[in-house]
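Visitor: Hello! I am new here, and I would like a guided look around.
Guide: Welcome! Let us bring it up on the screen.

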Amino acid sequence: MTVAEHATRHPEVWRRFSPRQTLTRYAWYLGIVAVAVISFGKLDITWEYLLDAHVQAADLLVRMYPPDWSYAEIVVDSLLETVHIATLGTIATLFVAFPCAFLAARNTTFNSVTWAIGRFILVASRSVNTVVWALIFVAIFGPGPLAGIWAIAARSIGFMGKLTAEAIEEIDQGAVEAIEATGASRLQVLWIGVLPQVLPVIYGTVVYRWDINIRESTVLGLVGAGGIGILLYSSMNQFRWDEVSVIMISIFAVVVISEFVSATVRKRIT
Amino acid sequence: MTAPTTWSPPRLISNPAYRHAATFAVIAYVVWSLGTLEIDWGRVSQGLPRAANMFARMVPPDFGRWELLGTQLLESVLMAFAASFVGVILAVPIGLCAAGNVAPKPIYLAARLVIILSRTFHEIIWAIFFVKIVGFGALAGVLTLIIASTSFLSKMLAEDIENMNPGQVEAVRATGASFPKILIYAITPQVLPRYLGVSIYRLDANIRHSTVVGVVGAGGIGQVLAASFSRYDYDFSLAILISIIALVFLGEIFSNWVRGKFR
């Protein structure tokens with residue numbers, strides 16, 4: 001081995017990537033930057049608005065202070081409604097999500113048609129945002145909390161159904177076979193063999209989704225589906241920024257508390 | 001000695017008294033909360049015929065205004081790309097500051113506060129604020145998605161840094177490396193692959209969210225959807241919904257494909 005060969009094989013300075021790897025990496029970076037630049041360029045953005053954005057934001061903050069605490073009484077009722085919408089929506093989800101989950105899990109479904117139906121319901125439910133579901137249900141049931149409850153339920157079905165279906169597919173098949181060997185009916189197999197195995201996952205998902213739903217239900221009012229969003233929207237339109245700050249503080253409190261409750265409960269279950 | 005002849009699966013709450021109390025509490029809650037909600041049952045009872053009517057008017061979907069549909073859908077996608085890019089970059093310093101094992105306590109607390117504040121409020125709330133600040137249009141939407149992606153990505157990054165193997169950091173530090181060098185040679189190689197994966201996931205999530213921020217005027221397909229609903233233009237609404245579902249589906253496939261490549 002000549003000195004030159006030795007130098008290339010054992011270089012003085014350690015490099016993690018070969019020059020070729022480095023080159024492809026930079027090509028990727030360049031591509032990503034190009035996509036971002038093109039995206040910003042193609043968007044119809046008036047950049048002048050961004051120049052005085054900080055002035056506008058500061059102006060908003062000044063007007064939001066001090067909060068008008070006398071408004072808190074009205075906010076509390078509305079906040080309670082928001083929590084109700086999230087909770088009832090989550091409970092309503094259970095009745096649809098679990099049948100769908102059993103259909104969408106390969107080992108508990110009846111045949112490939114029912115499997116496809118189950119999967120389709122779960123995918124369709126997840127693809128549409130809660131706010132869009134709310135638009136649809138407001139058109140059906142009229143403005144009010146009921147539309148909100150249905151919107152929350154419609155979006156949660158896909159979430160809970162998908163996680164539960166995945167849990168069902170991962171169960172210990174031995175327990176199911178043992179129950180089948182006793183001559184149990186299909187329903188009994190599901191009830192005794194499958195359900196107890198996925199229950200912990202179900203409880204965990206329900207609490208987790210409830211916490212997400214609290215956050216989602218704070219904006220349903222913007223499309224007329226009940227909850228604190230209605231107050232937020234009307235206070236904003238009346239330029240009552242001192243009321244807006246009370247609403248924002250209360251939303252913050254409720255979301256943080258629900259997140260804490262959900263995390264504590266999940267820690268105790270699992 | 002007699003063996004039990006029946007068996008029932010173990011329950012979450014083993015004490016039957018507590019279990020029945022819990023069931024009762026749930027039922028009582030449902031009754032009470034439904035009672036306090038102001039539901040106009042007269043209006044609700046019209047729901048089924050209304051829904052039937054709505055679906056009748058939705059079918060067949062009207063793709064006649066496909067040009068408007070296309071431009072707005074494209075705007076949503078561009079908003080998602082632009083916001084993801086900025087978010088991925090902004091989240092690096094914030095995520096670093098929010099990692100307890102890297103950042104000093106005051107910086108750590110400040111960064112965590114920023115993350116909590118931006119995560120607590122729903123995207124739609126941020127969107128209304130940005131519409132008030134910079135006016136209607138895509139800029140408000142991009143800013144909203146930037147906030148949402150930055151808070152999500154920086155939280156994930158901070159958790160990854162906190163969970164990384166400290167051995168490598170110590171090894172690099174033992175060579176006398178400065179903090180930037182530790183960052184490049186010990187921290188980045190450990191967290192980068194996962195961060196890229198999470199970024200791609202976030203791009204997918206941004207595509208989903210970019211289709212709704214328009215409902216409050218922050219650009220993208222959402223504003224066309226909201227307008228079509230308020231004009232009872234249901235056949236166009238269905239066309240938009242189908243397009244959104246298709247777009248979200250494509251986004252998910254793309255994100256899974258890219259994340260598969262990284263692994």
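The questions and answers below walk through this predicted model.

Visitor: Is chain B a compact globule or more spread out?
Guide: For 263 residues, the globule rule gives 18 Å, while the radius of gyration of chain B is 25 Å. The C-alpha atoms of chain B fill a box of roughly 80 × 75 × 35 Å along the principal axes. Because that radius of gyration is well over the value from the rule, chain B is more spread out than a compact globule.

Visitor: What share of the contacts in chain B, with a separation of 6 or more, joins residues 24 or more positions apart?
Guide: Burial first: of the 263 residues of chain B, 40% count as buried. As for the contacts with a separation of 6 or more, the share from residues 24 or more positions apart is 70%.

Visitor: How many residues of chain A and of chain B are in contact with each other?
Guide: Let us start with the classes on one side. The side of chain A that touches chain B has 35 nonpolar, 10 polar and 5 charged residues. In the contact between the chains, the numbers are 50 residues of chain A and 47 residues of chain B.

Visitor: Are α11(A) and α12(A) roughly parallel or roughly antiparallel?
Guide: Helix α11 (residues 228-237) and helix α12 (residues 241-269) of chain A have axes 9 Å apart, and they pack at an angle of about 155 degrees. Angles over 145 degrees count as roughly antiparallel. So α11(A) and α12(A) are roughly antiparallel.

Visitor: Which residues of α12(A) meet α11(A)?
Guide: The crossing of these two helices is left-handed. On the α11(A) side, the residues are A:I228, A:L231, A:L232, A:S235 and A:M236. The contact divides into 7 nonpolar, 1 polar and 1 charged residue. On the α12(A) side, the residues are A:E243, A:V244, A:I247 and A:I251.

Visitor: Is A:F239 buried or exposed?
Guide: A:F239 is in the loop between α11 and α12 of chain A. Its phi is near 55 degrees, a positive value in a residue other than glycine. A:F239 has 11 inside 10 Å, so A:F239 is exposed.

Visitor: And B:Y232, is that buried or exposed?
Guide: B:Y232 sits in the loop between α10 (221-230) and α11 (234-262) of chain B, and phi of B:Y232 is near 55 degrees. With 10 other C-beta atoms within 10 Å, B:Y232 is exposed.

Visitor: Where does B:P60 lie?
Guide: A cis peptide bond joins B:V59 and B:P60, with omega about -5 degrees. In chain A, the peptide bond from A:Y65 to A:P66 is cis, with omega near -5 degrees, and A:P66 is placed in the loop between α4 (53-64) and α5 (72-104) of chain A. As for B:P60, the place is the loop between α3 (47-58) and α4 (66-97) of chain B.

Key:
Residues numbered from 1 in each chain as written. Chains lettered and ligands numbered in written order. Predicted model: local features only at pLDDT ≥ 70, side-chain atom pairs only at ≥ 80, totals over all residues. Rg over C-alpha atoms; globule rule 2.2 N^0.38 Å. Buried ≥ 20, exposed ≤ 12 C-beta atoms within 10 Å, placed from the backbone. Contact = placed C-beta atoms within 7 Å. Axes fitted to C-alpha atoms, helices over the stretch in contact; angles between N-to-C directions. Helix = DSSP H or I, 4+ residues; strand = E, 2+ residues; numbered from the N terminus. Parallel < 35°, antiparallel > 145°, perpendicular 65-115°, else oblique. Left-handed = near helix turned anticlockwise from the far one by under 90°. Nonpolar A, V, L, I, M, F, W, Y, C, P; charged D, E, K, R; others polar.
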